[in-house]
Amino acid sequence: MHAVRVAVVVFEGASLFHLSVPGMVFGATSALSDLPSYEVSFCAPKRGPIRCDQGMTIDVPKGLRAMASADIVIVPAWDHPETAAPAALTRALKAAHARGAQIVGLCLGAFVLGDAGLLDGRRATTHWACRDLFMQRFPQAEFHPDVLYVDDDQVVTSAGTVAAIDCCLNLIRQRHGTDVANQVARLLVTPPHRQGGQAQYIERPVPERPSESRLPGVLEWARAHLSDTLSVDTLADQASMSRRTFTRRFKEATGGTVVQWLAAERVARAQHLLEASDLSIEQIATDVGFGTALSLRQHFAKLVRTSPSGFRRAFRERAA
């Protein structure tokens, strides 16, 4: 079974967290059977020791050579987004994409992909704090400022720091399906799936004690009853709260409304069924609570930006 080669770009001041995330996420697949191995290596515009943002030094003796044969190339957050990336790096990225590699820019790494011309005419995102600069520097990109990650024609960009984990988990989901991605998430003790379209920046207080919120149990209950007609009142009763209190607690815990949360959960469940079963679109729509195939298609198009049948076809083509 062919190993999946992942090349992570290193440069002076690179985020140690982003340099570590690919190894942690892809490395966790080694605990699962029947999967290809992932080989994560580092590459850099210049050879030798390179100092990251936390003061640690990484030795990259072969320069950009690892990129030439990589299946996935990952660029961590660029430390100076107002400054263009080195020409040697952008040339190598363009060449890697031209031969079919998937190119990923984590957080401000999207600026490097923009410098390489890989975002022109494509959907992209980056950290919300640099949205204005991004739009100024890359006016040809179709910028989506309020999402966690975007994948457009093998070019992937993600939002702020921790969204790098969501992004890398989604790369595994694309290649191996939801079940494998969920197993990796459990090994990493991280939420298994946050939709790419989920808002990347949500201000909300964290409950001081678990007893202050009954929502975790309510959310699990709702996930187990997605096929039912679920309303705010139904969930509020399940939480033993008034409608007003439940609505406030729900917004604090999830950052959105019940309707938005249910739509995202039902779409995620539909994705799993599209991957793992041969159920018809109509049956899946009923099983996840949308009721009709039309409703499923509308929500799917809004959140996943494709159709259910297109999603199923793409997944099976990748799995073949």
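1. Contact here means heavy atoms within 4.5 Å. Helices (H or I, at least four residues) and strands (E, at least two) are DSSP runs, numbered from the N terminus. Axes are lines fitted to C-alpha atoms, for helices over the stretch in contact, and angles run from 0 to 180 degrees between N-to-C directions.

2. On the basis of these remarks: the model is predicted, local features need pLDDT of at least 70, side-chain atom pairs count only at pLDDT 80 or more, and totals for chains, interfaces and linings use all residues. Residues are numbered from 1 along each chain as its sequence is written, and side-chain values use heavy atoms, with hydrogens and water left out.

3. Two strands pair if DSSP finds at least two bridges between them.

4. Strand β1 has parallel partners on both sides. With β2 the parallel pairing extends over 6 bridges, and Val8 stands opposite Phe42 of β2. With β5 (residues 72-75), strand β1 (residues 4-9) runs parallel and is joined by 3 bridges; Ala7 has Val73 as its bridge partner there. Of the 6 residues of β1, 5 are buried (buried means under 20% relative accessible area, exposed over 50%, partly exposed in between, with a 1.4 Å probe and protein chains only).

5. Which helix crosses α10 at roughly 100°? Helix α12 (residues 293-304) does, and its axis comes within 10 Å of that of α10 (residues 258-276). The two are therefore roughly perpendicular to each other (65 to 115 degrees counts as roughly perpendicular, under 35 as roughly parallel, over 145 as roughly antiparallel, and the rest as oblique). Residues of α10 in the contact include Ala263, Val267 and Leu274, and those of α12 include Leu296, His299 and Phe300. By class, the contact has 9 nonpolar, 2 polar and no charged residues. Ala, Val, Leu, Ile, Met, Phe, Trp, Tyr, Cys and Pro count as nonpolar, Asp, Glu, Lys and Arg as charged, and the others, Gly among them, as polar.

6. Thr125 sits in the loop between β7 (123-124) and α4 (131-137). Its relative accessibility is 0%, so Thr125 counts as buried. The side chain of Thr125 reaches the backbone oxygen of His144 at 2.7 Å.

7. Most residues other than glycine have a negative phi. Cys107, not a glycine, has a positive phi of about 55°; Cys107 is found in the loop between β6 (102-105) and α3 (110-115) and counts as buried at 5% relative accessibility. Ser240 also has a positive phi, near 60°. Ser240 lies in the loop between α8 (232-238) and α9 (243-254) and is exposed, with a relative accessible area of 58%.

8. Asp233 lies in helix α8 and is partly exposed, at 39% relative accessible area. The side chain of Asp233 makes a polar contact with that of Arg243, at 3.0 Å (a pair of N or O atoms within 3.5 Å; within protein, one must be able to donate a hydrogen and the other to accept it, and residues adjacent in sequence count only if both atoms are side-chain atoms).
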